[in-house]
Amino acid sequence: MKKLLTVAVIVAMLFTLASVSASAEGTTFWLTQYDQSDVEGAGVVFTETDAAGQWWHHFAFAPIKGTKDAYEIVAISNASQGTAEPIAIPEGGFVYACNMGNNWPQLVADNNVKGDGATGLWYDDPQHVNAPNYISEGINNMWGEVAAWSIGSQFVIRGLDLENFTVPTSTPDKQWYEPGYVCTATFEVYDGSNATPADNPAGGESKDEPEDSKPEDSKPEESKPEESKPEESKPAEESKTVIAPESTADDGSAAARTSEPASSAPASSGSNTWLWIVIACAAVAVIAVAGALIAKKKKK
């Protein structure tokens with residue numbers, strides 16, 4: 001009985017370690033397209049204009065100063081009852097929007113749709129009668145995740161490419177709604193230490209010139225001893241967002257752009273120390289239990 005209990009404890013420890021390791025890697029950030037609104041079952045990052053429709057969830061992300069990959073939600077428009085509206089894109093940030101999509105084969109079969117318009121349904125046409133099932137495990141999981149997001153939530157997002165717009169996937173040969181499609185972008189709660197530091201945390205554009213290359217003032221300081229000292233730099237104002245007019249984007253289905261696999265996401269800086277501590281403690285506990293069992297067996 002004691003042996004069984006010991007084995008159960010060891011198994012529980014291993015499961016705990018596995019779950020902790022998985023959480024350290026982050027949760028999938030369902031990103032399937034950039035600046036594209038005629039898609040279903042998708043997660044889209046808008047960098048120019050939020051063109052997502054009324055049945056999408058919209059989240060405006062502003063960059064967190066001093067980081068490369070940490071963002072804060074500053075505005076939200078939810079898809080409740082199809083009343084969502086586009087929102088403004090924060091300076092240096094983006095709007096993330098996602099929609100659930102439809103299982104068209106099931107809708108077509110359930111309503112005897114032939115694609116000839118005979119049923120009178122709006123989707124009784126050749127386009128929708130041959131459309132796929134856009135509801136995938138990826139969008140199902142993301143839909144549940146975003147339900148807990150709120151204004152002020154802060155996340156580290158890895159795999160996001162706001163320069164080249166490379167879609168983060170290791171299966172570029174598959175469409176985002178197909179079984180086996182893999183999204184490699186991840187997100188996790190920002191804790192102040194797990195983001196990648198910016199090249200120039202003080203703000204502004206980073207400069208390659210060394211400081212001593214800057215021209216000196218023409219007048220020496222001692223010529224005006226009572227000159228007032230320069231004011232200290234003030235932090236930049238937080239970006240503000242406003243609600244834009246109602247969306248006129250088409251929420252129909254369309255083929256996605258082909259995408260290249262994204263480069264591997266950078267590891268978080270200094271955020272996994274606690275993980276190694278937990279692993280070390282668990283390993284010591286397992287060794288101790290095993291040693292005790294062996295010693296007890298020898299006594300017998």
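Which residues are buried in H4? The legends below take up this question and a few others, using a predicted model.

**Figure 1. The buried face of helix H4.** In H4, the buried residues are Gly138, Ile139, Met142 and Val146. Looking down the axis of H4, we find its buried residues within an arc of 85 degrees, so they line one face of the helix.

**Figure 2. Strand E4 and its two pairing partners.** Here is strand E4 (residues 57-63), which is largely enclosed by the rest of the structure because six of its seven residues are buried. E4 pairs with strand E6 (residues 94-98) in the antiparallel sense, over five bridges. Within this pairing, valine 95 of E6 is the bridge partner of alanine 60. E4 also pairs with strand E5 (residues 70-77), again in the antiparallel sense, over six bridges. Look for histidine 58, which stands opposite serine 77 in E5. E4 and E5 form a hairpin with six residues between them, and in the turn glycine 66 has a positive phi of about 90 degrees.

**Figure 3. The largest nonpolar core.** This core has 44 residues, and the ones that touch the most other members are Phe29, Phe61, Tyr96, Trp149 and Ile157. At least two residues each come from strand E3 (43-46), E4, E5, E6, helix H2 (104-110), helix H4 (137-146) and E7. E6 gives the most to this core, with five residues. Apart from this core lies another, of five residues, including Ala70, Val156, Tyr190 and Ala195.

**Figure 4. The surroundings of isoleucine 157.** Leaving aside residues up to four places away in sequence, isoleucine 157 touches Phe29, Phe61, Asp69, Tyr71, Phe94, Thr186 and Phe187.

**Figure 5. Threonine 169, a buried loop residue.** Threonine 169 sits in the loop between strand E7 (154-158) and strand E8 (186-189). Its relative accessible area is 1%, so threonine 169 is buried. What does the side chain of threonine 169 reach at 3.0 Å? The answer is the backbone nitrogen of threonine 171. A polar atom of the side chain of threonine 169 also lies 2.6 Å from the backbone oxygen of valine 182.

**Figure 6. Two non-glycine residues with positive phi.** Aspartate 35 is not a glycine, yet has a positive phi of about 50 degrees. Aspartate 35 belongs to the loop between strand E2 (33-34) and E3, and is partly exposed, with a relative accessible area of 28%. Glutamine 81, also not a glycine, has a positive phi of about 55 degrees. This residue is found in the loop between E5 and E6. At 68% relative accessibility, glutamine 81 counts as exposed.

Figure 7. The mean pLDDT of the protein is 74, with 58% of its residues at 70 or more. Over residues 4-24 the pLDDT stays under 50, and the model has 16 contacts for them beyond four places in sequence. Residues 201-273 likewise have pLDDT below 50; this stretch has 96 contacts in the model beyond near neighbours in sequence.

Terms used: Residues numbered from 1 in each chain as written. Predicted model: local features only at pLDDT ≥ 70, side-chain atom pairs only at ≥ 80, totals over all residues. Heavy atoms only, no water. Helix = DSSP H or I, 4+ residues; strand = E, 2+ residues; numbered from the N terminus. Buried < 20%, exposed > 50% of the residue type's maximum accessible area, 1.4 Å probe, protein only. Polar contact = N/O pair within 3.5 Å; in protein donor to acceptor, adjacent residues only side chain to side chain. Pairing = 2+ DSSP bridges. Core = buried A, V, L, I, M, F, W, Y, C linked by side-chain atoms within 4.5 Å. Contact = heavy atoms within 4.5 Å. Arc of directions from axis to C-beta. pLDDT = per-residue confidence, 0-100.
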